[in-house]
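User: I would like to learn how to read a helix and the core around it. Could you walk me through an example?

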Amino acid sequence: MTNKTLLRKISIFAGVALFCLGAGVVAISCQGQDADEEAAFYQKDVASKAHQSYLTFTSEYTGIGEPSIEDQLVILEAMGRVKASKVNGVWQMNMALVRKANLSPEVLQCLNQIIGNSNRKLSSRSSVMVNPDNVRMVPKAIIVDEDPFGTDPGPSDCVARCIGRIYSKLGFGPSYAFADSYITTHYGNNGVDPNRMGGLLNTLYGSSHVSSYSVNDHSGFYSYSNPNAAVILNYRTDEGGGHSVIYMGTSTDGTHMASDPQDGNSTRFVDPGQVISAYQVSK
């Protein structure tokens with residue numbers, strides 16, 4: 001073998017060795033980059049949770065019945081963190097945000113319960129078709145098969161139920177029995193037309209105690225906690241009728257939270273786009 005041939009072979013061997021070494025460096029470098037990205041993602045996730053304080057209840061509220069004012073604030077905060085909203089007619093949470101929301105298991109369970117409440121369908125005892133341009137607050141009854149807690153009050157008027165709730169909370173105004181009888185006598189069995197809602201409340205409470213209230217003006221985090229007043233919120237249901245509830249507050253993304261006296265004072269969400277009207281009743 002000549003010196004020239006030997007040198008050529010040594011050069012080729014050295015080139016191959018350098019290529020392999022370079023490939024090894026590239027491979028190691030890529031593995032290091034994956035590890036760095038994973039660590040960075042973990043740190044970002046931890047930082048996100050640390051940025052949002054751990055959210056838990058002051059009591060053992062589960063989403064059934066009416067929460068305390070303190071827990072009401074917790075729910076409103078949690079709603080904003082998970083972006084609870086209606087998508088294609090169904091209430092849900094943004095699951096990508098749930099992981100970062102830093103919520104206690106109890107708060108997350110409560111949100112799931114409220115979403116379940118909000119997705120439950122409402123049926124009417126009335127067979128009258130509802131014109132979408134002339135929505136009536138049709139007397140509602142929760143479908144028995146969708147009422148696992150046994151809170152179905154049977155056929156009743158949701159407006160009367162709200163009035164009865166105000167009476168029990170504030171000790172002011174007519175009772176549920178009186179309101180239900182009055183509405184049936186003066187408005188029939190098909191509920192109260194939203195255009196006449198203000199007139200009804202003025203008659204039952206006196207005009208000095210009733211005022212129009214724009215819940216959609218609360219575009220950010222807001223909790224209604226006036227101890228001497230309550231707001232009846234009227235909204236359009238997915239079934240084509242109307243429903244009345246007691247307003248509780250608004251999350252950071254504009255979704256409203258309300259108590260439903262016709263469903264055992266359970267908490268439910270209300271889409272701001274479905275609001276018809278709202279009236280504040282003050283002592």
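Analyst: Happy to; we will go from the core to one helix and its ends. Keep in mind that this is a predicted model.

User: Which residues have the most contacts inside the largest nonpolar core?

Analyst: They are Val159, Ile163, Ile166, Leu200, Leu201 and Tyr205, in a core of 24 residues. Two or more residues come from each of α5 (158–170), α6 (176–187), α7 (197–205), β7 (229–236) and β11 (275–282). The most come from α5, which gives seven.

User: Which residues of α5 are buried?

Analyst: Start with the general idea: an α-helix has 3.6 residues a turn, so residues three or four places apart point the same way. In this model the buried ones are Cys158, Val159, Ala160, Cys162, Ile163, Gly164, Ile166 and Leu170. Their cover includes α6, α7, β7, β8 (242–250) and β11.

User: What is found at the start of α5, and what follows the helix?

Analyst: At the start, a side-chain oxygen of Asp157 comes to within 2.8 Å of the backbone nitrogen of Val159. After the helix comes Gly171, with a positive phi near 65 degrees.

User: And which residues is Tyr205 in contact with, beyond its neighbours within four places in sequence?

Analyst: Tyr205 touches Ile163 and Ile166, along with Phe172, Gly173, Pro174, Val210 and Val281. Apart from this core lies another of 23 residues, including Phe57, Val98, Ile114 and Phe269.

Notes: Residues numbered from 1 in each chain as written. Predicted model: local features only at pLDDT ≥ 70, side-chain atom pairs only at ≥ 80, totals over all residues. Heavy atoms only, no water. Core = buried A, V, L, I, M, F, W, Y, C linked by side-chain atoms within 4.5 Å. Buried < 20%, exposed > 50% of the residue type's maximum accessible area, 1.4 Å probe, protein only. Helix = DSSP H or I, 4+ residues; strand = E, 2+ residues; numbered from the N terminus. Contact = heavy atoms within 4.5 Å. Polar contact = N/O pair within 3.5 Å; in protein donor to acceptor, adjacent residues only side chain to side chain.
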